[in-house]
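Hi,

Here is the structure I promised to pass on. Have a look at it first, and my notes on what turned up follow below.

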Amino acid sequence: MTGATVRRAGLPRDLHPGAWWLWALGLATAASRTTNPWLLLLILTVACHVVVVRRSDAPWAMAFRLYLYLGLAIVLLRVAFRVLLGGDTAGTVLVPLPTVPLPDWVAGIQLLGDVTAEAVLAGLYDGLRLATMVVCLGAANALANPKRLLASMPGALYEVGTAVVVALSVFPQLAESVQRVRRARRLRASGGGRVNAVRTIVVPVLEDAFDRSLQLAASMDSRGYGRAGAAPRRDRAVTGTLMVTGLLGVCVGVYATLDGTAPRVLAGPVLAVGLVVAAVGFVVAGRRVERTRYRPDRWRLPELLVVASGVGTAVVLFLTSSFDPQDVYPSLTPLTWPPVATLPLVGVLLGVLPSFVAPPPLRTPASGSRATEAVR
Amino acid sequence: MIRLVDVSFWYADTDVPTLDGVGLTIDEGELVLVVGRTGSGKSTLLGTLNGLVPHFSGGHLQGRVTVDGVSTAERPPRELAHVVGVVGQDPLAGFVTDTVEEELAYGMEQLGLRPDVMRRRVEETLDLLGIADLRGRPLRTLSGGQQQRVAIGSVLTMHPRVVVLDEPTSALDPTAAEDVLATLKRLVDDLGTTVVLAEHRMERVVPFADTMVVVRGDGGVDVGPPTDVLRRSEIAPPLVELGRVAGWDPLPLSVRDARRAAGPLRDRLATTPAPSVPELRGAEVLSARGVVVRHGATVAVRGVDLDLRRGEVVALMGRNGSGKSSLLWALQGSGARQGGTVAVDDAGQQVDPKRLGPRAARRHVGLVPQTASDLLYLETVDAECAAGDEESGAPAGSCRALLDRLAPGVVGDRHPRDLSEGQRLALVLSVQLCAAPPVLLLDEPTRGLDYDAKRVFARTVRTLADEGRAIVVATHDVELVAVTADRAVVLAEGEVVSAGATRDVLAGSPAFAPQVAKVLGEPWLTVDEVAAAVGAVP
């Protein structure tokens, strides 16, 4: 690698959204394989650090803190439920509480009871694991531009992407029309009860929406949308079957991989076969598409390194959970201080790589963001 | 480039053809202006050029339309996308993506162009249209003129031989409209693109046009060079009417031509008395002081003072986004107002419409919003009129009586959507006038009105004012202001930058001067004044 390539790789640009998602999914998978609070907190820290260093100033990037709040809520709820419902477990009693007697028809559920350290810790570990996974997904959302993600979908899904973008732009328009018509209605001061009120708003708004969609359809038609001829019926059936089967395989495979108790044969092999079948489907469907992409996101070295760091973290935790389960699943009976082992720690720290290798994000020039504010 | 041979077209369920035996040949690199009344078939004619008519609209097309040697009957519009680019009236409604750069690339993606070609064309088009600084901006945050230029750019990137535009400047302020027209002129001059555009406000386009097509409304068209067509045409820009009054031959098409021919007329006018300035009469009916309107962080109106007297028409002007609409809504009382006072005279007492309920407020100040049809929601004209009576507490039939005065002969069981633009405006006016407000505010009422409808509207406004109302018209249309308004107020960035008698405000301004003032200088504003002064019949 020459110096020039390195310098160019470091220029600000948006990383491929797919790379961010794979990295985040890798971290989330790693989190799913452990209840060790030290490892989970470390994963959280890694995710937050990368988000803070590499997010842009777009609105979706600013939503990251909502995921943090959601994570906190998950942890608190988990612990609260353990205290409220799980007072049956024997162990170190922290707060002695009486059990609230419940009628017979709710047998099996018990309210309150002694609060044990084991129950609280189990809730905490469990909640923390779920919260970490949620925050990892939040990180992907904050780092990857959702529109670019749609745009970098395989050619076969192009129509779906267009439909989603159009639908997304319809909502602000509908909201605008409703507001405009409501204001206009006040000018007429029309009375006549609630039904009439709904009607006076709904009729003009729907007319407006209908007109707009006709205009949009005419515009898309005259700009060449749907130009590449339709595929023969048989082709469509084949590609459809391939894709659906493949995606089913992927779903089963992912589930089995994440759920350690499922038969192993469902995990790796089914996932791999599913991926291959789906990929063939996409390629076949994409081949007859004659459209091209304007400035597509490309997979360059930084993208690969980012994905590698996420996948690496997941792999290390997988291995640890298979060979040294006590490192990643700290014991609750007897209560012990969660262990800190070197291998999983190093594995999780792999995940922080993107904050060095990913290029810094593009920032909107000040004038642009001011205009956006004005409209909002 | 474009040939129409004996083209006739019927919409489904009608017996009367919209186009009847139209023959038209347009050569490469021409700029063609299509004019005609609303509903005469202009848009239909434009639609045939890329096959939207009849492939998208339905209906029956007879005859042959060929563009660049390809018949539109055999190919749907999408297969003609690389030959004919179409820009609609409302650019925002036609946008598929949401940023400028992606929108410019959308058409090329459909054509399957190579990425490096796309990249180059996007850059070239950004420069050609002068919108390079907007490249990453979301389309919704652009101004009207910028959106229209992006819409033009989004078809230009496909390098079409023909660009078709349906009223590209109808919603724009004079300066933005000039920008868009300059862009089109550049296409014709530099790229040899054939441009076909329909436009109500033809005075702006006539100087550039090589050919004019008048869609008569009976299915036929008149085609010819603008000078010939305008000599025969009933509808003509003020400049041409001035030429007719002064007896100039050939008729002037641009202000520059007219100025060169105007020497003798100017000398003659110098000896006649200047048009009289009607003094402001009537009692003050609305007084606003220091009105402030904010939308979030932006200040739309910054401390505006405005007094309205009975019997006067006030024009409110200024570029898009200068605060005209916000001011009108604040005066009416149902819009936001964060500061200042508005006092309406109510039989000697001063009331603030904001403190009254909507029902009482509209008895003092009536407002017709920009999208007038928002006020209509019932199935028939009669039902709307009945609802209007009920809302205003007026005796049954008074709304209908108003409508018959403003626009005689509107059929009562028609759906309001099926009315012409002028009739629909008259209906909305009647509904609002039913409450008998002494102050009437109109927000861009002449959008989409043709010359005739505009003339009728101008007369209506004058009559309503003479009956003792105060009327405010927010508009971009300087010719309308010259004809109707007593006073003009120009807003910029929410502040009043000039206010006074129409003559003083308009005549000296480069952006707002009507054509007659540009030719003859102050104090002449309208053809009628000149005609009266020289004793000719216009």
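Helices (H or I, at least four residues) and strands (E, at least two) are DSSP runs, numbered from the N terminus. With that in hand, look at the hairpin of β19(B) and β20(B): two residues sit between the strands, and one residue there, B:Glu493, takes a positive phi near 50 degrees. Strands β19 (residues 487–492) and β20 (residues 495–501) of chain B pair in the antiparallel sense over six bridges, and B:Ala492 stands opposite B:Glu495 in β20(B).

A bit of housekeeping. This is a predicted model, where local features need pLDDT of at least 70 and side-chain atom pairs count only at pLDDT 80 or more, while totals for chains, interfaces and linings use all residues. Residues are numbered from 1 along each chain as its sequence is written, and chains are lettered from A and ligands numbered from 1 in the order in which they are written.

Staying with strands, chain B also has an open sheet of four, in the order β2-β1-β4-β5, with antiparallel pairing. The edges are β2 (19–26) and β5 (70–71) of chain B, each with a single partner strand, so one side of each has no neighbour in the sheet. Five bridges join β1 (residues 2–10) of chain B to β2(B), and B:Leu4 has B:Leu24 in β2(B) as its bridge partner.

In the loop between β4 (60–67) and β5 of chain B you'll find B:Asp68. Its phi is positive, near 55 degrees, and it isn't a glycine. B:Asp68 counts as partly exposed because it has 16 C-beta neighbours inside 10 Å (buried means 20 or more other C-beta atoms within 10 Å of its own, exposed 12 or fewer, partly exposed in between, with C-beta atoms placed from the backbone). B:Ala436 also has a positive phi, about 55 degrees, and lies in the loop between α16 (421–433) and β17 (439–443) of chain B.

Two cis peptide bonds to check by eye: B:Val53 to B:Pro54, with omega near 5 degrees, and B:Asp249 to B:Pro250, with omega about 0 degrees. B:Pro54 lies in helix α2 (residues 52–55) of chain B, whereas B:Pro250 is in the loop between α9 (238–246) and α10 (255–261) of chain B.

Over in chain A, helices α2 (residues 17–32) and α3 (residues 37–54) pack at about 165 degrees, with their axes 10 Å apart (axes are lines fitted to C-alpha atoms, for helices over the stretch in contact, and angles run from 0 to 180 degrees between N-to-C directions). That is why α2(A) and α3(A) are roughly antiparallel (over 145 degrees; under 35 is roughly parallel, 65 to 115 roughly perpendicular, the rest oblique). A:Leu27, A:Ala30 and A:Ala31 of α2(A) meet A:Leu40, A:Ile43, A:Val46 and A:Ala47 of α3(A).

The axes of α2(A) and α12 (residues 301–323) of chain A come within 8 Å and cross at roughly 10 degrees, so this pair is roughly parallel.

Finally, the interface: 52 residues of chain B are in contact with 43 residues of chain A (contact means C-beta atoms, placed from the backbone, within 7 Å). On the chain B side, α4(B) gives the most, with eight residues.

Cheers

Notes:
Contact = placed C-beta atoms within 7 Å. Pairing = 2+ DSSP bridges.
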